[in-house]
Each structure stands twice: as C-alpha cells, then as structure tokens.
Amino acid sequence: MSLETKTDLTETTINKLQKLIRANIDSYNGFHESAEELSDEKLATLFRSIGDERSAMASELQQYVEFNGKDAEDDGSVAAKTHRIWINIRGKLNGGDSHVILIEAERGEDHIKEAYEDVLKETAGSAMNDVLSAQYAKVKAGHDKIRDLCDAYAKK
C-alpha cells in the first residue's frame, strides 16, 4: 500500500472531502440567506463574513478533489435547502428577529462542526489532515461565536 498524498488521495478521503464541500456550500448559502432576513446590520455583516469564509473553504477542498482527477461537488445538500426554506419562513414570521435566526444558525453550525469532527476521525493520518484541521479551527471559531451571540441575544 502506498502512502496517500494530496494528489493521490484514497476514494474514501475524496468522498469525505465531497461531504465537507457540500456542508461548506450549505453554510455559505445559509449565512448569506439569513443575512438578508436580519434587521441587525452588524449581525448581517458577520453572517456574510462567515459565509464567505465557508465559500473559500469549499473552494480549497474542491481544488484537492480536482487535483485527484474527480469532479468536485458544486452544490449543497437537499436537506440544507429544506432547512433554508424553514429559516426564511421563520425569519418572516418573526420579522427578522435576530435571536430566532441565531438559533437556526447555531443549529447549522452544530451540523458543520460535527461533519468536520466525523471526517477528521474517519481520515486520521490522511494527507489532508493538516488542511482539514486548519479548516476545523475556523469552523469551531465560527460555531463558538454564533453560540455566544445566540446566548447574548437570548438575554436581551
């Protein structure tokens, strides 16, 4: 068995990267669409910023998939589309209530954080470990920021 390299990834690693590409696209879409619903401009700016970071992370993973001769995912998941429709409905019902939207964003952040944790466990020792660990640190920071804001807005 030869050692995995970033240009010679195993099928398992490529499939896991595809999963994270979808999760990052979902996150980007969710943050940008939620930003449109928010009446709090500071929060909307933060959401767009985190969304843009997720888009860059998806692009980075797409490059590694393509280096390996595969077509990278370029669309989110069906479940996320359903979730965004729900966020839009709740956002409209609550008049763009920041706390309600933060609750939904935190659920989305829990999902992407768990996806990274699973993939890091499943690909331990992979050539992609350094890239995935660096991206996980960004996801965790975004997750914690949204969680803390959600807690702060709950007290308002």
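**Values and definitions**

Analyst: Leucine 43 lies in helix H2, where a helix is a DSSP run of H or I with at least four residues, numbered from the N terminus. This is a predicted model, in which local features need pLDDT of at least 70, side-chain atom pairs count only at pLDDT 80 or more, and totals for chains, interfaces and linings use all residues. Residues are numbered from 1 along each chain as its sequence is written, and side-chain values use heavy atoms, with hydrogens and water left out.

User: Why is leucine 43 called buried?

Analyst: Leucine 43 has a relative accessibility of 3%. Buried means under 20% relative accessible area, exposed means over 50%, and partly exposed lies in between (1.4 Å probe, protein chains only). The value of 3% falls under the limit, and leucine 43 therefore counts as buried. Its C-alpha atom is separated by 9.8 Å from that of isoleucine 146, which is 103 residues away along the chain.

User: How does the reach of H2 compare with the span expected?

Analyst: H2 covers residues 41-67, which is 27 residues, and reaches 39 Å from its first C-alpha to its last. The expected span is 1.5 Å times one less than the number of residues. For H2 this gives 39 Å, and the reach is close to that value. At the start of H2, a side-chain oxygen of aspartate 40 comes to within 3.1 Å of the backbone nitrogen of lysine 42. After H2 comes glycine 69, whose phi is positive, near 75°.

User: Why is leucine 3 called exposed?

Analyst: Leucine 3 is placed in the segment before H1. Its relative accessible area is 76%, and it is therefore exposed. Its C-alpha atom is separated by 8.5 Å from that of alanine 127, which is 124 residues away along the chain.

User: What makes the pair of threonine 13 and glutamate 4 a polar contact?

Analyst: The side chains of threonine 13 and glutamate 4 are in contact at 2.8 Å. A polar contact is a pair of N or O atoms within 3.5 Å; within protein, one must be able to donate a hydrogen and the other to accept it, and residues adjacent in sequence count only if both atoms are side-chain atoms. The value of 2.8 Å meets this limit, and the pair therefore qualifies. Threonine 13 belongs to helix H1 and counts as buried because its relative accessibility is 4%.

User: How do you know that glutamate 104 and arginine 107 form a salt bridge?

Analyst: The N to O distance between their side chains is 3.4 Å. Glutamate 104 is buried at 1%, whereas arginine 107 is partly exposed at 44%.

User: Which residues are linked in a network of salt bridges?

Analyst: The network links Lys140, Asp144, Arg147 and Asp148. Aspartate 144 pairs with arginine 147 at 3.3 Å between the closest N and O atoms, and arginine 147 pairs with aspartate 148 at 3.1 Å. Aspartate 144 counts as buried because its relative accessibility is 18%, while arginine 147 is partly exposed at 29% and aspartate 148 is partly exposed at 42%. In the whole structure, twelve salt bridges are found.

User: Which residues touch the most other members of the largest nonpolar core?

Analyst: They are Leu17, Leu20, Ile21, Leu61, Tyr116, Met128 and Leu132, in a core of 24 residues. A nonpolar core is a set of buried Ala, Val, Leu, Ile, Met, Phe, Trp, Tyr and Cys residues joined through side-chain atoms within 4.5 Å. H1, H2, H4 and H5 each supply at least two residues of this core, and the largest share, six residues, comes from H1.

Conventions: A salt bridge is a side-chain nitrogen of Lys or Arg within 4 Å of a carboxyl oxygen of Asp or Glu.
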